[in-house]
Amino acid sequence: MSDAVATLRNELIEIIGKNPNGHTDPKITEEFSSKLQAYADMPGVESSDVIFAIGSSVYGIDLPPKKKKQNTNGDNSSSSADEKVVVDFDYMKQFMKDVFLSYGCTEEQAEISSDVLIEADKRGIDSHGLGRLKPIYCDRMDKGILWANKPIDIVKETETTALVDGNLGLGLYIGPYCMKMAIEKAKKYGVGFVAAQNSTHYGIAGYYTTMATDAGCIGFSGTNARPSIAPTFGVEPMLGTNPLCFGIPSDDAFPFVIDCATSVNQRGKIEKYARDGVETPRGAVIDNDGIERTDTEGILRDMVLGKCALTPVGGAGDKMGGYKGYGWATVVELLSTAFQSGPFGEDVCGVDRVTGEPRPMPLGHFFLAIDIESLCPVDTFKKNAGNLLRALRESKKSPKGPGRIWTAGEPENDARVARFAQGGMEVPKVLQKNMVELRNKRPGLKEKYSKLPFE
């Protein structure tokens with residue numbers, strides 16, 4: 001982030017912080033709008049910046065601006081990018097692979113990294129697929145806080161365990177490497193555990209546990225992240241939204257895979273509450289005064305200023321068992337840092353608090369695989385697991401519910417079936433814009449992708 005960009009962003013944050021009711025004052029709104037427009041026009045500014053969400057939800061300023069494009073007839077008309085377009089999965093995976101190749105990834109690194117991302121889109125986890133390509137991976141490589149082609153070093157290894165160093169390379173490649181190693185050890189010795197240090201964002205944790213279930217193993221994985229969750233009875237963001245993920249095979253058409261954060265909500269959910277004009281549920285966010293906040297627009301402002309924190313699963317305090325989510329988030333943080341002597345908290349926030357400059361976020365991960373055949377026939381295990389899961393789905397439904405009970409992994413399978421039936425994934429206009437920007441900027445892509453599916 002350049003000095004000019006950082007300065008303007010700080011000015012916007014100052015307007016928000018000093019004027020809690022600024023959206024009701026025309027002069028302050030005009031000042032904020034002017035500065036936000038200037039900020040949006042600066043190079044290197046990410047469209048995912050929460051400043052834009054605040055501008056939209058609090059001040060009613062919809063930026064970055066919607067642009068119109070010149071069509072082939074020369075008249076200004078609304079681009080087809082204003083509509084969602086269904087794009088074939090194979091096409092989208094190849095596009096993402098080519099982007100990674102353009103950054104200097106090897107063929108294997110690009111193939112595996114694009115597979116992790118497209119798998120998220122196939123499962124309906126849109127937040128972790130194409131939507132992460134530019135803002136999380138490309139932008140960070142552009143800023144020099146993540147590297148495209150780094151070796152993976154084995155620091156220490158035994159028959160059943162290993163510690164590897166990712167050297168701040170792509171977590172999307174480091175993750176599969178580690179789980180593959182854990183599975184190979186499990187197949188030979190019954191169990192395999194691999195910890196990773198100096199890695200980066202590794203995508204959906206469910207990708208790794210599904211690698212294990214596909215191999216006839218039970219899988220377990222987790223990762224730390226930038227600080228967002230406050231400890232129970234605390235108010236300072238200390239722990240990441242640390243996902244805890246298990247994968248268990250069954251004789252269903254899909255495995256049991258539970259992949260979820262250890263916080264009640266993530267910031268993206270708060271932004272959705274703002275777009276919908278609803279309050280944030282009590283207990284999901286706590287501020288520096290210990291107040292459980294529900295004022296969605298105020299929460300967004302104060303999260304930018306570091307005055308709010310997310311709460312762990314169970315909410316703030318201990319009345320609804322918030323200490324349980326806090327404990328699970330801490331388990332993930334410990335397994336992601338203690339083996340690795342890895343950083344946590346402010347040291348993985350991604351920004352130098354003094355200068356505002358971006359800095360690397362050295363994350364830790366862990367991967368466990370247990371070979372089922374070492375304990376019982378895999379088909380017996382799958383049948384037993386399937387019987388239990390079907391019993392849960394077939395149990396008595398609430399008369400006030402949707403008339404169906406799901407088990408973990410089933411909603412993602414439903415999404416996969418529906419998306420393949422429609423011919424691929426929907427690409428909204430904001431992601432179309434990202435694709436166009438990458439196509440125009442990265443070497444070799446403009447020649448291969450002269451016309452994208454929505455153009």
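Mentor: Let us begin with Ile-229, which lies in the loop between E7 and E8. Please keep in mind that the model is predicted. Ile-229 has a relative accessibility of 0%. Buried means under 20% relative accessible area, and Ile-229 therefore counts as buried.

What does Ile-229 touch, leaving out residues up to four places away in sequence? Its contacts include Glu-236, Pro-237, Met-238, Leu-239, Gly-240 and Thr-241. Ile-229 also touches Thr-262 and Ser-263, then Leu-310, Thr-311 and Pro-312, and finally Ala-329.

Ala-329 is one of the buried residues of H11, together with Gly-322, Gly-325, Val-332, Glu-333, Ser-336 and Thr-337. Viewed down the helix axis, the buried residues of H11 fall within an arc of 120 degrees, so they line one face of the helix. Among the elements that cover these buried residues are strand E7 (217-223), strand E8 (244-248) and strand E12 (363-371). The loop that holds Ile-229 runs between E7 and E8, and both of these strands are part of the cover of H11.

We may now turn to the wider chain. Its secondary structure comes to 15 helices and 13 strands. The radius of gyration is 23 Å, close to the 23 Å that the globule rule gives for 455 residues, so the chain is as compact as a globular protein of that length. Of those 455 residues, 49% count as buried. Among contacts with a separation of 6 or more, 66% join residues 24 or more positions apart.

In soluble globular proteins, nonpolar side chains tend to be buried together. In this chain, the largest nonpolar core has 58 residues, and Met-92, Phe-100, Leu-130, Leu-133 and Tyr-137 have the most contacts inside it. Helix H7 (residues 171-189) gives the most to this core, with nine residues. A second, separate core of 29 residues includes Ile-13, Ala-40, Ile-270 and Ala-284. As for Met-92, it touches Val-87, Ile-118, Leu-130, Met-425, Val-427 and Met-435, not counting residues up to four places away in sequence.

Key:
Residues are numbered from 1 along each chain as its sequence is written. This is a predicted model: local features need pLDDT of at least 70, side-chain atom pairs count only at pLDDT 80 or more; totals for chains, interfaces and linings use all residues. Side-chain values use heavy atoms; hydrogens and water are left out. Buried means under 20% relative accessible area, exposed over 50%, partly exposed in between (1.4 Å probe, protein chains only). Helices (H or I, at least four residues) and strands (E, at least two) are DSSP runs, numbered from the N terminus. The arc is that of the directions from the helix axis to the C-beta atoms. Contact means heavy atoms within 4.5 Å. A nonpolar core is a set of buried Ala, Val, Leu, Ile, Met, Phe, Trp, Tyr and Cys residues joined through side-chain atoms within 4.5 Å. The radius of gyration is taken over C-alpha atoms; the globule rule is 2.2 Å times the number of residues to the power 0.38.
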